[in-house]
Amino acid sequence: MTKSGKTGFEIPEQMRDFADQSVDQARKAFDEYMSATRKAVGSAEETAQTVKASANDMGRTALEYTEEHVSAAFDLAQKMVRAKDPQEMMQLQSEYLKKQMEALGEQVRELGDKATRTAQDMARKTRD
């Protein structure tokens with residue numbers, strides 16, 4: 001120490017001001033970064049929830065369709081057991097296949113519509 005009580009190492013006031021401003025700017029930049037990160041995480045969570053809800057809905061729908069197809073197959077089996085001749089069995093089989101193909105076509109359209117709506121919802125949310 002010197003006789004004046006100072007250490008001999010002094011930081012000029014301008015350098016202190018500059019350092020103080022630099023710390024303030026760094027803090028503001030970090031706060032902005034954290035705000036943007038929180039927003040991105042929130043958006044990702046919202047998108048994930050949308051995807052999960054849609055996947056759950058599509059899973060339930062697919063399960064319902066499976067039940068319908070299995071039930072129709074059992075109905076066919078019962079009718080075929082009671083058929084009087086091979087001609088009636090062929091007729092029953094033909095009607096079954098026609099109904100199943102129609103049902104399948106409608107079900108594929110419904111699932112496609114749901115998937116399209118989900119994709120559109122996700123696209124809207126990522127733009128917002």
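Biologist: Is Thr47 buried or exposed?

Modeller: Thr47 is buried, with a relative accessible area of 14%. Keep in mind that this is a predicted model. The cut-off for buried is under 20%, so Thr47 qualifies.

Biologist: Where does Thr47 sit?

Modeller: Thr47 is in helix H1.

Biologist: And what is Thr47 in contact with, leaving aside neighbours within four places in sequence?

Modeller: Met122 and Thr126. Take Thr126: Thr47 is 79 residues from Thr126 in sequence, yet their C-alpha atoms are 7.8 Å apart in space.

Biologist: How do helices H1 and H2 lie relative to each other?

Modeller: They are roughly antiparallel. H1 covers residues 13-82 and H2 covers residues 86-127. Their axes come within 11 Å and cross at roughly 175°.

Biologist: New topic. Which residues form the largest nonpolar core?

Modeller: That core has 5 residues: Ala72, Leu76, Ala83, Leu92 and Tyr96. H1 and H2 are the elements that give two or more residues to this core.

Biologist: Why do nonpolar side chains tend to be found together?

Modeller: In soluble globular proteins, they tend to be buried together.

Biologist: Pick Ala72. What does Ala72 contact, apart from neighbours within four places in sequence?

Modeller: Tyr96 and Gln100. Tyr96 is also a member of the largest nonpolar core, along with Ala72.

Biologist: What does the side chain of Ser54 make a polar contact with?

Modeller: The side chain of Thr118, at 2.5 Å.

Biologist: What about Asp121? How accessible is that one?

Modeller: Asp121 counts as partly exposed, at 29% relative accessibility. Asp121 is in helix H2.

Biologist: How many residues separate Asp121 and Thr50 in sequence?

Modeller: They are 71 residues apart in sequence. In space, the C-alpha to C-alpha distance is 7.9 Å.

Biologist: Last one, Val81. Buried or exposed?

Modeller: Val81 is exposed, with a relative accessible area of 72%. The cut-off for exposed is over 50%, so Val81 passes. Val81 is in helix H1.

Biologist: And how far apart are Val81 and Thr47 in space?

Modeller: They are 51 Å apart, C-alpha to C-alpha. In sequence, Val81 and Thr47 are 34 residues apart. Compare Thr47 and Thr126: 79 residues apart in sequence, 7.8 Å apart in space.

Key:
Residues are numbered from 1 along each chain as its sequence is written. This is a predicted model: local features need pLDDT of at least 70, side-chain atom pairs count only at pLDDT 80 or more; totals for chains, interfaces and linings use all residues. Side-chain values use heavy atoms; hydrogens and water are left out. Axes are lines fitted to C-alpha atoms, for helices over the stretch in contact, and angles run from 0 to 180 degrees between N-to-C directions. Helices (H or I, at least four residues) and strands (E, at least two) are DSSP runs, numbered from the N terminus. Angles under 35 degrees count as roughly parallel, over 145 as roughly antiparallel, 65 to 115 as roughly perpendicular and the rest as oblique. A polar contact is a pair of N or O atoms within 3.5 Å; within protein, one must be able to donate a hydrogen and the other to accept it, and residues adjacent in sequence count only if both atoms are side-chain atoms. A nonpolar core is a set of buried Ala, Val, Leu, Ile, Met, Phe, Trp, Tyr and Cys residues joined through side-chain atoms within 4.5 Å. Buried means under 20% relative accessible area, exposed over 50%, partly exposed in between (1.4 Å probe, protein chains only). Contact means heavy atoms within 4.5 Å.
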